[in-house]
Amino acid sequence: MSIDKEKRIELGDYIKILLVKYHVRQTEIAGICNISRQYVNQICSGKNPMSAEQYKRIFKYFHKIGVSNSELKILTQLHISSKLNMEMIPEIQNPVAKMIADKLDAMNDESLLALLRKQEELIREQEK
């Protein structure tokens, strides 16, 4: 199994945990993200990646319904990890992963949302 798929599965598993814990149905997430329930299921099973826009909408929804800051930080860490294949560069993997985890742990909600906005800006620039 590829590293990318493993990271997507880990993210999907965590989303499933949050869905169960907070009594959210996949159909609710599908509506929020403007995608089918089947696609949400594929994200949760690691078959398809989650876009930055889908992540932003899910993050905001989870925040709105009271998902804890620590759980939102884990969600953010897993999302970033699913986008960055740090294991491709083993000599820097551990320091980079630790630095990212430490920075995310120190962030408050406003900082996390600012990070999401910056991520979206960078994605838009890359698409040009």
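Visitor: Leaving aside its neighbours within four places in sequence, with which residues is M50 in contact?

Guide: In this predicted model, M50 is in contact with L11, I15, I43, Y55, I58, H79 and K83, once neighbours within four places in sequence are left aside.

Visitor: Which residues have the most contacts inside the largest nonpolar core?

Guide: The general idea comes first. In soluble globular proteins, nonpolar side chains tend to be buried together. Here, the largest nonpolar core comprises 25 residues, and I15, L19, I29, M50, F62 and L75 have the most contacts inside it. At least two residues of this core come from each of α1 (3-21), α2, α3, α4 (52-64), α5 and α7 (109-127).

Visitor: At what angle do α4 and α5 pack, and how far apart are their axes?

Guide: The angle between α4 and α5 is about 170°, and their axes lie 11 Å apart. Since an angle over 145 degrees counts as roughly antiparallel, α4 is roughly antiparallel to α5. Y55, F59, F62 and H63 of α4 make this contact with L72, L75, T76 and H79 of α5. The residues of the contact of α4 with α5 divide into five nonpolar, three polar and no charged.

Visitor: What span does α5 reach from its first C-alpha to its last, and which of its residues are buried?

Guide: Helix α5 (residues 69-83) has 15 residues and reaches 21 Å, close to the 21 Å expected at 1.5 Å a residue. Its buried residues are E71, L72, K73, L75, T76, L78, H79, I80, S81 and S82.

Visitor: Where does V67 lie, and does it count as buried or exposed?

Guide: V67 belongs to the loop between α4 and α5. Its relative accessibility is 4%, so V67 counts as buried. Not counting residues up to four places away in sequence, V67 touches L18, Y22, F62 and L72. Although V67 and K21 are 46 residues apart along the chain, their C-alpha atoms are separated by 9.2 Å.

Technical notes. Residues are numbered from 1 along each chain as its sequence is written. This is a predicted model: local features need pLDDT of at least 70, side-chain atom pairs count only at pLDDT 80 or more; totals for chains, interfaces and linings use all residues. Side-chain values use heavy atoms; hydrogens and water are left out. Helices (H or I, at least four residues) and strands (E, at least two) are DSSP runs, numbered from the N terminus. The expected span of a helix is 1.5 Å times one less than its number of residues. Buried means under 20% relative accessible area, exposed over 50%, partly exposed in between (1.4 Å probe, protein chains only). A nonpolar core is a set of buried Ala, Val, Leu, Ile, Met, Phe, Trp, Tyr and Cys residues joined through side-chain atoms within 4.5 Å. Contact means heavy atoms within 4.5 Å. Axes are lines fitted to C-alpha atoms, for helices over the stretch in contact, and angles run from 0 to 180 degrees between N-to-C directions. Angles under 35 degrees count as roughly parallel, over 145 as roughly antiparallel, 65 to 115 as roughly perpendicular and the rest as oblique. Ala, Val, Leu, Ile, Met, Phe, Trp, Tyr, Cys and Pro count as nonpolar, Asp, Glu, Lys and Arg as charged, and the others, Gly among them, as polar.
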